[in-house]
Amino acid sequence: MGVLCLKVRREEAEVAHELLKGMGLLNLAFEPARDGASVFFPLTRRPGPGELTAMKGSLSCFEIVEVELRPREARPSLQELLSRSLPPRLVEEAPRSFDVIGDIAIVEIQPELWPYRHEVGSAIMALQKHVRLVLAKGGPVSGPFRLRRLVPIAGYGPTETTHREHGCIFKLDVARAYFSPRLSYEHARVAGQARPGELVVDMFAGVGPFSIIMAKREPSVLAYAIDANPIAFHYLAMNVRANKLRGSVVPVLSDARRAIQKALRGLADRVIMDLPERAHEFLDAACLAIRPSGGHLHFYTFAGAPEPEKEAVERLKAGVEAAGRSVEAVLLARKVRPIGPYKWQVAVDAIIS
Ligand SMILES: C[S@@+](CC[C@H](N)C(=O)[O-])C[C@H]1O[C@@H](n2cnc3c(N)ncnc32)[C@H](O)[C@@H]1O
């Protein structure tokens, strides 16, 4: 019996790999395989209709097939590796995962494990040979620019790195500009929806992932990528050049509301609002940017149990109606990731009229 696989073109292997990781569809028990111009990625299950739509948006062609694949060589997990150096009573507290941005790993360490932070850092470097520097989270994401304190625990060198996502290059300083590899799937999902010739306003663009991935896929879009953090803007402008998208993505250093009021009223076919803790406060500005004839809105917010998706949709509707517009249709509401007990980041895609 073969293994269920996604077959893609070799040039699109990196994009497919990121997508499958983001959707939890990549089966790590098997090695991907190559055959001529195709790459086969093992799947954990058959993709659902929404996932197939996201794939159609991001890949020019693909097939779901069954193929014989080699089982992956078992590598120890981070916890298994740490069980060799931590006191037994602390092994359960050891981190199970970490984020990798370029050649930098970022990990959350429980307070009781802090005296062993260098062991954690070394174990991560042993597991991921390309990681040069390991940083521990020194607090929650906070402040207007959505940054957190990061403490070096292993490795060497600056906090600037170059990350690749969906075939695009992102240079950034992980300590001075927001970026999360956990949003990789959202970046591709939203980017895949842009239609030729659209004008897009990316209100909280950071170092540019939504706009840049979108314009790379659909070069006829014109995206205004706005961020208020001068450091994020510096990397955003650099990334627009590095991805050869001058003319398709316009970096704007500004408060999003001010930029819209000044120059982007009634022009947008699509608005992206990726500032979950405060996006609802800017719905008036988003509505001002959207064409009088209507447009798409991608709204991110934090919402809690029992029905986070419903709470997110209600918050969106309240803000849009207060701005004198209406939500014609909700196309999707999905939990993006947990952010605490019974609390999630939620994405809502809607048509505003
Ligand atoms: C959660 S991050 C999202 C970054 C990016 N969309 C991504 O996917 O990586 C939010 C960004 O909004 C920016 N920001 C916060 N308040 C802003 C405002 N009033 N106007 C424009 N940008 C703002 C922050 O500097 C930060 O880079």
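Helix H10 is followed by Gly324, whose phi is positive, near 85 degrees. The structure is a predicted model, in which local features need pLDDT of at least 70, side-chain atom pairs count only at pLDDT 80 or more, and totals for chains, interfaces and linings use all residues. Residues are numbered from 1 along each chain as its sequence is written, and side-chain values use heavy atoms, with hydrogens and water left out.

Helices (H or I, at least four residues) and strands (E, at least two) are DSSP runs, numbered from the N terminus. H10 comprises 15 residues, 308-322. Its buried residues (under 20% relative accessible area, with exposed meaning over 50% and partly exposed in between; 1.4 Å probe, protein chains only) are Pro308, Ala312, Val313, Leu316, Gly319 and Val320. Because they cover an arc of only 135 degrees around the axis, they are on the same side of H10; the arc is that of the directions from the helix axis to the C-beta atoms. Glu321 and Ala322, on the other side of H10, are exposed.

Strand E6 (residues 104-107) pairs with strand E7 (residues 133-137) in the parallel sense over 4 bridges. Within this pair, Ile106 has Leu135 of E7 as its bridge partner.

Terms used. Expected span 1.5 Å × (residues − 1). Pairing = 2+ DSSP bridges.
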